[in-house]
Amino acid sequence: DMISQRARYAFKAMVALARAKPGEGLRIRQLCEQEKLPRKFLEQILLALKGAGLVRSKRGVGGGYVLARSAEDIRISEIVSAVDGPISLG
């Protein structure tokens with residue numbers, strides 16, 4: 001397969017975050033239930049996405065994870081690189 005399971009889970013999480021109400025974060029538990037993702041795996045993926053500047057975490061009411069910038073400005077290659085390392089073509 002060209003795309004790893006980690007990258008697939010990362011895509012699912014990013015799409016869910018893109019669909020969330022503007023300014024409202026999704027909690028890990030919500031993402032797990034909504035997207036049928038294993039929690040331990042999702043936590044690692046969200047940390048990687050956060051480290052790459054693709055998502056950020058919000059505290060308090062309406063907290064959770066949100067996209068760090070608009071969905072239109074996020075490339076698929078950035079998501080793959082964040083969870084799997086740099087993409088090599090060839």
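Reader: In helix H3, about how many helical turns separate Arg39 and Glu43?

Author: Helices here are DSSP runs (H or I, at least four residues), numbered from the N terminus. Arg39 and Glu43 are four residues apart in helix H3, so about one helical turn separates them. Please keep in mind that this is a predicted model, where local features need pLDDT of at least 70, side-chain atom pairs count only at pLDDT 80 or more, and totals for chains, interfaces and linings use all residues. Residues are numbered from 1 along each chain as its sequence is written, and side-chain values use heavy atoms, with hydrogens and water left out.

Reader: What do the side chains of Arg39 and Glu43 meet in?

Author: A salt bridge is a side-chain nitrogen of Lys or Arg within 4 Å of a carboxyl oxygen of Asp or Glu. Arg39 and Glu43 form one, at 2.8 Å from N to O.

Reader: Are Arg39 and Glu43 buried, exposed or partly exposed?

Author: Buried means under 20% relative accessible area, exposed means over 50%, and partly exposed lies in between (1.4 Å probe, protein chains only). Arg39 is partly exposed at 44%, and Glu43 is partly exposed at 31%.

Reader: How many salt bridges does the structure hold?

Author: There are three. Another joins Arg29 and Glu33, at 3.9 Å from N to O; these two are four residues apart in helix H2, about one helical turn. Arg69 and Glu78 also meet in a salt bridge, at 2.5 Å from N to O.

Reader: And Glu35, which side chain of opposite charge is nearest to it?

Author: For charge, Lys and Arg count as positive and Asp and Glu as negative, while His and the chain ends are not counted. Glu35 sits in helix H2 (residues 28-35). Glu35 is buried yet has no salt bridge, and Lys12 is the nearest side chain of opposite charge, 5.1 Å away. Contact means heavy atoms within 4.5 Å. Leaving aside neighbours within four places in sequence, Glu35 is in contact with Lys12 and Ala16.

Reader: At what angle do the axes of helix H3 and helix H4 cross?

Author: Two packed helices are described by the angle between their axes and the distance between the axes. Axes are lines fitted to C-alpha atoms, for helices over the stretch in contact, and angles run from 0 to 180 degrees between N-to-C directions. The axes of H3 (residues 39-51) and H4 (residues 76-84) cross at roughly 120° and come within 8 Å. Ile45, Ala48 and Leu49 of H3 make the contact with Ile79, Ala82 and Val83 of H4.
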